[in-house]
Amino acid sequence: MMKNIFDSHAHYDDEAFNSDRDELLCSLSSNGVSYIITCGCDLESSIKSKELAEQYEFIYFAAGFHPENLEGSSLSDLEKIKELAKSEKCVAIGEIGLDYHWMASPKETQKEFFKEQIKLAQELSLPVIVHDREAHADTYEILGDMKPNGVLHCFSGSANDAKRLVEQGMYIGFNGIVTFKNARKSIEAAKAIPLDRILLETDCPYCAPVPHRGKRNDSSYIPFIAERLSQELNIPAQKILDITKENAMRLFLNDRN
Ligand SMILES: [Zn+2]
């Protein structure tokens with residue numbers, strides 16, 4: 001059995017876990033899971049994420065507004081995110097970023113929230129967890145200008161983009177999508193950067209890796225991602241888990257544990 005699994009991006013507040021959340025979370029440590037960061041997407045889910053982090057020692061949380069969840073919110077709501085972020089178990093501002101696929105809010109609104117939340121993270125000396133869907137140019141421009149610490153999660157850019165982001169100090173997050181047949185681009189990006197800049201994540205309940213593709217995802221499936229990267233990087237899967245756990249601890253937990 002694999003150990004040292006650090007799931008750097010999950011959504012355990014999601015209703016997909018309502019029927020068995022406690023049972024599942026209690027089973028994870030016996031499946032090799034050491035730590036989880038559960039990410040807020042708006043005020044309500046950030047509050048729920050905080051509650052989960054307070055209930056389970058191995059869970060930490062991120063607070064923030066996802067670009068798909070800005071409707072009905074104003075920048076003044078970031079004060080409430082700031083309060084949540086002062087909680088002892090908050091380790092990042094996230095997930096934040098730009099989503100030009102769903103385009104739930106105009107680009108200008110998305111950019112404004114993204115930048116203000118990066119500023120908030122910098123003010124609080126926290127890393128950011130960044131979402132970028134079909135918005136590479138604007139996302140990279142903002143990250144290049146503001147240079148926050150953090151991770152670009154569910155990375156979908158090119159190998160060169162990954163290299164440039166790493167040079168700026170960012171980490172790159174990979175999830176179950178790297179196990180899909182058409183994942184060549186993500187694999188090339190993973191091969192182009194040093195292993196000490198890679199984080200593993202589920203984005204659960206979404207993005208379950210092969211052979212569970214399409215089903216509900218959870219942190220115990222992270223080894224499938226490590227196995228896939230292992231084949232490409234010629235590094236044992238357990239070593240990939242060990243190193244990516246150290247990476248996530250360096251970025252999010254400092255000297256806490
Ligand atoms: Zn997410």
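## Basis of the description

A residue is termed buried under 20% relative accessible area, exposed over 50%, and partly exposed in between, with a 1.4 Å probe and protein chains only. The structure is a predicted model, in which local features need pLDDT of at least 70 and side-chain atom pairs count only at pLDDT 80 or more, while totals for chains, interfaces and linings use all residues. Residues are numbered from 1 along each chain as its sequence is written, and side-chain values use heavy atoms, with hydrogens and water left out.

## Aromatic pairs

Rings of Phe, Tyr and Trp (its six-membered ring) are paired if their centres lie within 6.5 Å; planes under 30 degrees apart are stacked, over 60 edge-to-face, and the rest tilted. The count by this rule is seven aromatic pairs. One of them is the tilted pair of tyrosine 35 and tyrosine 60, with 6.2 Å centre to centre and 55° between the planes. This pair links distant parts of the chain, 25 residues apart: tyrosine 35 lies in strand S2 (residues 33-39) and tyrosine 60 in strand S3 (residues 59-63). Helices (H or I, at least four residues) and strands (E, at least two) are DSSP runs numbered from the N terminus.

Tyrosine 60 is buried at 6% relative accessible area, and tyrosine 35 is likewise buried at 13%. The rings of tyrosine 221 and phenylalanine 224 form an edge-to-face pair, because their planes stand at 70°, with centres 5.9 Å apart. Tyrosine 221 is buried at 17% relative accessibility, whereas phenylalanine 224 is partly exposed at 30%. Phe6, Tyr35 and Tyr60 belong to one aromatic cluster.

## Charges over rings

A charge sits over a ring if NZ of Lys or CZ of Arg is within 6 Å of the ring centre and within 35 degrees of the ring normal. Arginine 213 is placed over the face of phenylalanine 180, 3.6 Å from the ring centre. Arginine 197 lies over the face of tyrosine 171, at 4.7 Å from the ring centre.

## Salt bridges

With a salt bridge taken as a side-chain nitrogen of Lys or Arg within 4 Å of a carboxyl oxygen of Asp or Glu, the count is 14. Glutamate 54 and lysine 50 form one at 3.1 Å, N to O; both residues lie in helix H2 (residues 43-55), four residues apart, about one turn of the helix.

In helix H7 (residues 184-192), glutamate 188 and arginine 184 are also four residues apart, and their side chains meet at 3.0 Å, N to O. Arginine 228 and glutamate 232 form a salt bridge at 3.1 Å, N to O. Salt bridges that share partners join Arg184, Glu188, Lys191, Arg228 and Glu232 into one network.
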